[in-house]
Amino acid sequence: MRYLMTTMASDTAPDEKLFTEMAKFVEELSAAGVLLATGGLEPGGVRIASAGDEITVTDGPFAEAKEAVAGFALIEVRTKEEAIELGRRFRKIVGDGESVIQQVFGP
Amino acid sequence: MVSDAHQTVDAVWKLESAKIIGGLARMVHDVGLAEELAQDALVAALEQWPQSGVPDNPGAWLMTTAKRRAVDHIRRAQRLEEKKQQLAQERPVQTDQDDILRLMFISCHPILPTQARVALTLRLVGGLTAAEIGRAFLVAEPVVTQRIAVAKRTLAEEQVPFELPDGAELAERLSSVLEVIYLIFNEGYSATSGDDLVRPGLVMEALRLGRLLADLSPHEPEAHGLVALMEIQASRTAARTGPSGEPVRLHEQNRGRWDQLLIRRGFTAMLRAREISATRIGGPGPYVLQAAIAVMHAQARTAADTDWAQIAALYELLVRLVPTAIVRLNQAVAVGMARGPAEGLALADALLTDPALRDYHLLPGVRADLLVRLERYGEARLEFERAATLTHNEAERAFLRRRAAELVAEPEHPAPRPPGPEASDRASGRVFGEAAQGFLARADLDPATVRSYGQTMRALTRGLGEHLPLAQLTPDLVTRVFTTAWPTAAPATWNRHRAAVRSFADWAGLGDLTTGLARRTQPPATTAHLDPATLDRIWNLPATPREHALWRLLHESAAPVSTILRLNVEDLDLEDRRARAGEDRVTWRSGAARLLPALVADRTAGPVFLAERRPGPGRTPAPGDLCPHTGRGRLSYERAEYLFKQATKALDPEGFTLRMLRPRGRV
């Protein structure tokens, strides 16, 4: 099963320790064949909305920055519990904040 | 909450078990024991976590608990001092990662039968339970449990060291690991049994194991090659089954449904394999070559864009390394696409006499496709029909029948020999299948003959297709079927089939069809012998004491099976390890000497090897073949042979025969 974990932006500035621990975690998960893809996202971005025939393209940043996704990880695991356990480990490294785990269907 | 905690324990276990078992195995030098200690820690977690809550670092908790138990165990074994020293001396270079790699190598040790390697790898490295493994391979849980137990015992008894192989051994051991992983993958990807064409759980398990191995042995191009091959093949999972579950072949797949993420991961692994290969002497290995072929397909935007010349060249290299019939058949397809159907057909035709492909529907399927392209529609139709008869997949059978029906029958060739007037009535315009049925329906054949001829006719029908016009049945075709269907048949069997064909030809007025088939008088091949490693595994198979005594005795005495089964208790001289069987003298060594006394127990007369039950009514054996103590009869050759064959199926898909137990050079 594939799960996408998205992490919201937080106020705490990352320090050296976080970077090292994070790198180790990512390395370990890639080696175990669990982590398929991961990356950080630029703040803001471009918003594209459609209404009827009309497409509106808006440049960021946007007001509700707290809810914006700042990073993602696509993992392949056997069960939802495995995904949650990995999420738990991730949260322990990054400190206060929030992530969402969702199963990915397809392709 | 309790079940939540249980699920968390399970998840943590699956993520951590390899590391834990590997670490413990380094401490106690016994994988089986290490696994039991780790299981103890798991049980402790199941007991404590629901109450105390899941600890902050559950993996570390399991590891600490398990290590404590290992130390306890060592203390109990009163080897504390010695082990303390060993623990103190442990080199810091041995990391968790090395532990897991060692665990992979030992799980795939060549000393173990393949199925045991698979089960042990999934168990120790993948963290799967016996029930989960059983479900994946459609076997009962106790079978898996047994396989794992026997494997662990074998490793302990053989004192296989928990170390990484080096030098020349490394290559051989690595190829065993690669083979096991690819086997797991293929069982999931092209399920050989069951209703589903794909079992995604096993595909994922194999991918995980492969990625792990590639990371642990980053300098092995074949490890990366295997990962590349699996990622790219797995990328096609969604596209390779149609709406009703039927297989969709590569060139007909909707390439838009290929998983680009996996393809890209495959390309990356392939690049790494190439980079390492570039620094090595010698050409690419079989997995890198297969991955390269998969890459060529993945790079083609449409089936028509496929670079067949390149693929044919890769197959040429692959055939040199892995000259199996399947690889050569794939090569025939590639060559047919690259250099035209005639060249492809020449390669496919060379496989017609290969026994490995005797019942494999893809051979006639491939030939049919090539024949169509050569506009030889009549032959193509027959090959499609034959492929349809051989396939086990209903959807595929319907497809092949449809292909056959689309081809208009060619006008038939003239008969090779002018038949007699009455026989020509039987032969003209008829197809082989009908004629064979007519032949078997004759009134003047007794049932036994019909049964015997029926076997021959069925094999011919499978080999030739039931729609082959009788007029096209030539001695060459018959020879081909014989050499593929009965390559190692005993002379009597061979001659029986040959006689059936002669009788059929005579009845149908076809002239002699057996000109290419000599009567056989000599056994076609000498009996195969078992190597020491296989014998060791046989000695460890689960079987009754009687079987083990019989097998050991056969091996150590080198006497014929019938002689050994004829032995009576009163013939035995256990003290001097010898017996008299009529004119023959039989001697044995320590293995049988250890087992025989328990088998004989306090019996004083009667057959040494007894049947399991008393003879049924109406089957009164000679008094000499009855045990005066139990009333049971003498063990028959057939029964002993059957039991041995069944028991050794754990080691070889065909099982072995008792004769093969005799040591080399003694037959």
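Modeller: Between chain B and chain A of this predicted model, 10 residue pairs are in polar contact, with both residues at pLDDT 80 or more. A polar contact is a pair of N or O atoms within 3.5 Å; within protein, one must be able to donate a hydrogen and the other to accept it, and sequence neighbours count only through side-chain atoms on both sides. On the side of chain B that touches chain A, at least two residues each come from helix H1 (2–28), helix H10 (200–216) and helix H12 (260–278) of chain B (helices are DSSP runs of H or I, at least four residues, numbered from the N terminus). H1(B) gives the largest share of that side, namely eight residues.

Residues are numbered from 1 along each chain as its sequence is written, and chains are lettered from A and ligands numbered from 1 in the order in which they are written. Local features need pLDDT of at least 70 and side-chain atom pairs pLDDT 80 or more, while totals for chains, interfaces and linings use all residues; side-chain values use heavy atoms, without hydrogens and water.

In terms of contact (heavy atoms within 4.5 Å), chain B contributes 24 residues and chain A 22 residues. Together the two chains bury about 2,000 Å², and carbon and sulfur atoms give 51% of that area; buried area is the accessible area (1.4 Å probe) lost on being put together, summed over both parts. Within chain B, the residues that lose the most area to chain A are Leu15(B), Met204(B) and Arg208(B), together 25% of what that side buries.

Charged pairs also span the interface of chain B and chain A, with six salt bridges found there (a side-chain nitrogen of Lys or Arg within 4 Å of a carboxyl oxygen of Asp or Glu). In the pair formed by Lys19(B) and Glu28(A), the closest N and O atoms are 3.5 Å apart. A network of salt bridges links Arg2(A) and Glu76(A) with Arg211(B), Glu231(B), Asp259(B) and Arg265(B).

Over all chains, the search of the whole structure gives 42 salt bridges. One of the pairs in chain B joins Glu316(B) to Arg339(B), at 3.7 Å from N to O. Glu316(B) sits in helix H14 (residues 308–321) of chain B and Arg339(B) in helix H15 (residues 325–339), 23 residues apart. Glu316(B) is partly exposed at a relative accessible area of 33%, and Arg339(B), at 43%, is partly exposed too; under 20% counts as buried, over 50% as exposed, and in between as partly exposed (1.4 Å probe, protein chains only).

Asp359(B) and Arg462(B) form another salt bridge, 3.4 Å from N to O. Asp359(B) belongs to the loop between helix H16 (341–349) and helix H17 (362–373) of chain B and Arg462(B) to helix H22 (residues 447–464), so this pair ties together parts 103 residues apart in sequence. Asp359(B) has a relative accessible area of 36% and is partly exposed; Arg462(B) is likewise partly exposed, at 36%.

A further pair is Arg401(B) with Glu385(B), at 3.5 Å from N to O. Because Arg401(B) lies in helix H19 (residues 394–406) of chain B and Glu385(B) in helix H18 (residues 377–390), the pair ties together parts that are 16 residues apart in sequence. Here Arg401(B) is partly exposed at 36%, whereas Glu385(B) is buried at 13% relative accessibility.
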